[in-house]
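The following report concerns a structure with its sequence. Please consult both while reading.

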Amino acid sequence: MKIGVIKFPGSNCDRDVYDVLKLVGAKPEYIWWNNKDLTDFDGIVIPGGFSYGDYLRAGSIASITPVIDGIKDLIKEEKPVLGICNGAQILGEIGLIPGVFITNENPKFNCEWVDLKINTTRTPFTKDFKKGKTIKIPVAHAEGRFYTEDVDLLKDQDQIVLQFKDKNPNGSIENITSVCDESGYVCAMMPHPERASDDLLGSKDGLKFFKGFI
Amino acid sequence: MKFNVEVKVSLKKGMLNPEAKTIERSLDLLGYKVSNTKTIDIIKFDIEKNNVEEVEAEVTDMCERLLSNPVIHDYKIDIIPRKPACEWTK
């Protein structure tokens, strides 16, 4: 399974994601932002970071780069695409997922471990979990407050993937911190599963998200 | 013809603006009592087109595609034609 890890100027979780993909047995390969022919790839991770310095809005400039056209082509073939943190903000800016991630209610950079509830197992990334299970993964963001105009639609279409369980660190609507598109193959999440991939790091609940590519 | 363009991007009415809230609370710390604080992004540039209508059409497109996120933002476009007097000073 050849999985592309997108690199923008300012991406900084690309190497972590690359290593974890290797750990689960995938064949990761970096893809630079100006490459739009992704036909060989079986899936894509848009990693976290601060692409283009978060200028204008987090993810807005990355959302209009050539690599996005390539990602859109893969989505048409129902190949899985996972956007983590800045990657989630980019998917929101493109409009591939329903809603956006905006400045936290308390506008500070929030970096902590959180408990999350698996709300749907229909995405490739959550298929190995049990619905309703609690997992532990860290968040690290200042612009992670999920907002959408029609949250009922997301509930009806089973597009809410993860919710904060006890404590909502950013004030997102209905404690949502991960959503998917209608197909379930495109998933945006603010928490960092790559940072919860080994017991040494405090949890390996994040590994299953990457096993979803296999 | 050259035009000066000013685009103001603000959060939609009713949306929580944490930056503005923080500024308001900080002003209160200094003893200033204010309410209804907002923050607005202003993006300015020059553009060359035949008329105002052409400028408006293109800048609206820019706002919809990049300068604002229509899910959370409103935008306002101000277009000022560069007067010939300004050209003369070149």
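## Report on the predicted model

A:D37 is exposed, because 12 other C-beta atoms lie within 10 Å (exposed means 12 or fewer such atoms, buried 20 or more, and partly exposed in between, with C-beta atoms placed from the backbone). This residue, A:D37, sits in the loop that joins strand 2 (27-32) and strand 3 (43-46) of chain A. Between A:D37 and A:S203 there are 166 residues in sequence and 36 Å in space, C-alpha to C-alpha.

The model is predicted: local features need pLDDT of at least 70 and side-chain atom pairs pLDDT 80 or more, whereas totals for chains, interfaces and linings use all residues. Residues are numbered from 1 along each chain as its sequence is written, and chains are lettered from A, ligands numbered from 1, in the order written.

Helices (H or I, at least four residues) and strands (E, at least two) are DSSP runs numbered from the N terminus.

| Side of helix 2, chain B | Residues |
|---|---|
| Buried | B:V55, B:V59, B:C63, B:L67 |
| Exposed, turned away from the buried side | B:E53, B:A57, B:D61, B:E64, B:R65 |

Eight residues of chain B are in contact with 13 residues of chain A (C-beta atoms, placed from the backbone, within 7 Å). Helix 1 (residues 18-29) of chain B gives the most to that side of chain B, with three residues.

Terms used: Contact = placed C-beta atoms within 7 Å.
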